[in-house]
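Visitor: Please show me how to read the contacts between two chains, and then the packing inside.
Guide: Let us begin with the structure itself.

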Amino acid sequence: MISGTQTLFNWSLRSDSRSIYPHIVRAGFAGFMLLAVMGAWGQSLTGMAPGLSFFRWICNLNVLLIAVAGISYFVSAVTEEKDSGTLALLRLAGASPLSIVLSKSTSRLISALMLLLIQLPFTFLAITLGGVTWQQIIAAYLALAAWLCVVANMALFCSVRCSTSGRAAALATAVLLLFFASGPLLLEFSKLSSVSWLSPRALNACRHLHDEQQLMNVTTRLDEIFLTTASLKFVAAQFWRSTALGGLLFLCSVLLFNCYSEPADDNTHGTSAAVRRYTIGRCWKLPVVWKDFLFFTGGKSFLILKVFAYAALIAGFVWFHQLENPNATQWLSPDLTRVAFGIVSLLFTVEMLLYASNSLFLEVRQSAVASLKMLPIPTPLLLLQKTAACAVALSPGLLAVLFLCCYDGAAILDIEDLPGTIVGWIIVMTLLTHLTILLSLYTRWAALPLAVFITMISFPCIGGAAVGLTEITRSAAALNGIPWGVWLGVIVNLLWMWLFVLLPIEIEIVNRWNRLSQQ
Amino acid sequence: MPPTYDANAVPAISVSELTHAFKGHQALNQISFAVMPQTIHGFVGPNGAGKTTTLKAICTLLKPNFGEVSVFGHSVRSEATAVRERIGFMPDHFSMYRQMTVFEYLDFFAAAYGLNLASRDQVINDVLTLTDMDGRRNDLISGLSRGMQQRVSLARVLVHDPDLLLLDEPASGLDPRARIELMDILRELRRMGKTIFISSHILTELAELCDSVTIIDRGHVKFSGPMDALLDDHQETSRFSLRLAQPPENVTELLRQLNGIVSVEVPEYGSAGEFDLELDPATDSNIVLSSIIGLGLPIISFGQRRKQLNQAFMDLTTRGVRS
């Protein structure tokens, strides 16, 4: 068992160390840290405790990156073998569930821990900037390591449980969203003492569960670390609970491995020709849209399921509002509308990013690039058709977002800065999806966390330029008596963004796709 | 019977001085050959010889560093779209969308080639009949055997009725029955007027199937021309094969004493009663045959010994491990 584990582990580490991309990512991360430290130093000339704000920002970025890595990078540890049909070969070679799970997950965990380790020397520089102590840094990184442990093992469990990477990613996303949403939801439920049919015991249970959730929540722990300077413990309940839960999930992954090691069932649309005539039908005039909508995004049945799921989510908020305020005249209060909008938008964004990271990547994995390239469809048009298929699949989420905007737009959007909100959202989303698609053609599974990281560090630059351009356009429009100068600024920004940022990425996507077709 | 073709016809494939290098490795070095329409052309070479690179250059996936490739007179560089309309390419690692049924898979590719709904039905029925997959049209691709998937892949390249089929190792991984059936389908396609350019390692089957052949080794063409020209090596014209039923013990001595026979050998892996005769080049083989009949030996067969394709391949290609 040990030699098998060691062989698999060595192979994983060797392939990681031989590939140039992980090293580029680490070097890029180190460079970014250096720039961030320099930025914080510049801030120290004008602000208070720049070290703490720099460190807080880095920690929050890490929490987000670990979560995103959970739903994209860690989640494929076992499913990538199922997807390529090599899991049975590993079993035939005598690899036990423990050795497979250990070797496949540990190499990924080490790659992620390396990224955390790279940051340490730079974050210690934050001490010299003021506002943060070395004890806070150690405690924060221990909290992040524990968070990494629980997320990685939760994703590993999803990877063992599910038959494909897509399903595992969906399950991991749902678990993470539920974890973060459960805190405020349980807190709100525990306050519903006016509802007669909710017993005090149930309310107490909600309160207790909320407290437990807070004890495990990395953001709560980090807030505690940032606020505490004296008598700070290096390890708190969050560390022990997360580590224990991570270990438990790892154990479950090993124990349940054999139960769920069957290859994916390709028969998601039924076997009966009559049923398939309804669920799949004949190929559309836009064949790639048809193929991707039905065989990549889940097709009509999954679309209907999503419509019901989004409707149920909004109905849940309405029910909660009616429960809290039995005599309310509105369906939803402005606060709850904002929360519902946030959750629906988050789901919509995650769904969009998962499609972006897998749409082209799966064609590469299936060695289908050359066959698609030989079709009399130009590559840009083919990629547009793939985008259109994802757009159709995203329509329930988009409809839910629009529905909430139409219901109470004033509560959701900052009407004062509507153009800024629109430009900001479009810039972030288009940049993120473009980067995710491009990176998915280079890396195996880490496209999504990398894209989030690059977007987060590049957004201040792009956002600054956008704000500046909007101001210039508005002033120029005002000088020439042109009304709607702000909206002119929006158009200028979108044009600029497309021309100098998105178009080069799109060209590189097409070039990379063409290069892959030759391999 | 191989078809006859007009020597002045535009070649289905014309490769001239094709050169390509990958990261310093010279994959192809000024290779030139031509494939005439409505023929089956074998493309043979050891691993790493440059077969797949050549195929990719022909099917427009790869832009070569130097040289010209044209398909039915269309340059692959400047008229890639026109070339793609006339070719069907089946790569060695062909992709299958496993969640689709056979019909859905073919429907997708037919629609991608712009066929309308009515003609799609007709075309899919035709290619399924041709590949003998009619009864499996509603089966999931994931449930098909490797041989069946190969047939579906072949059906896929036929949906837009291409004039030229480029097949990269189509018989690899197939059992003997599936290989023989595939070869029958290819013969039928030639009869229908298709040109087939086939890369394969199974030399015995290529020798039976192909009208012409190109042998490539380490990026150089070692031979290109009709299969007969390769096999009818001049060195072999004086070697004959004789097979006798129940030959007497001293048959070797008897044969050696005949005029015109230089040597008699028993082939190492030959059949019972089989002998290799080397004749004097100046002697008419008919006279030798008459002499053998005159000895009263029971002759089963007598004929000029042809070189086997694998022998020709071994003679032309260099031994050793390729980088």
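Visitor: Which residue of chain B forms a salt bridge with Arg282(A)?
Guide: A salt bridge is a side-chain nitrogen of Lys or Arg within 4 Å of a carboxyl oxygen of Asp or Glu. Here the partner of Arg282(A) is Asp107(B), with the closest N and O atoms 2.9 Å apart. Chains A and B have 3 salt bridges between them. This is a predicted model, in which local features need pLDDT of at least 70, side-chain atom pairs count only at pLDDT 80 or more, and totals for chains, interfaces and linings use all residues. Residues are numbered from 1 along each chain as its sequence is written, and side-chain values use heavy atoms, with hydrogens and water left out.

Visitor: How much area do chain A and chain B bury between them?
Guide: The size of an interface is often given as the accessible area lost when the parts come together. With a 1.4 Å probe and summed over both parts, chain A and chain B bury about 2800 Å², 58% of it on carbon and sulfur atoms. In contact (heavy atoms within 4.5 Å) are 29 residues of chain A and 32 residues of chain B.

Visitor: Which residues have the most contacts inside the largest nonpolar core?
Guide: A nonpolar core joins buried Ala, Val, Leu, Ile, Met, Phe, Trp, Tyr and Cys residues through side-chain atoms within 4.5 Å; buried means under 20% relative accessible area (1.4 Å probe, protein chains only). In the largest core, of 183 residues, they are Trp147(A) and Leu222(A). Among the residues that Leu222(A) touches are Cys59(A), Val63(A) and Leu144(A).

Definitions and conventions:
Chains lettered and ligands numbered in written order. Buried < 20%, exposed > 50% of the residue type's maximum accessible area, 1.4 Å probe, protein only. Buried area = accessible area lost by both parts, 1.4 Å probe. Lists of a residue's contacts leave out its neighbours within four places in sequence.
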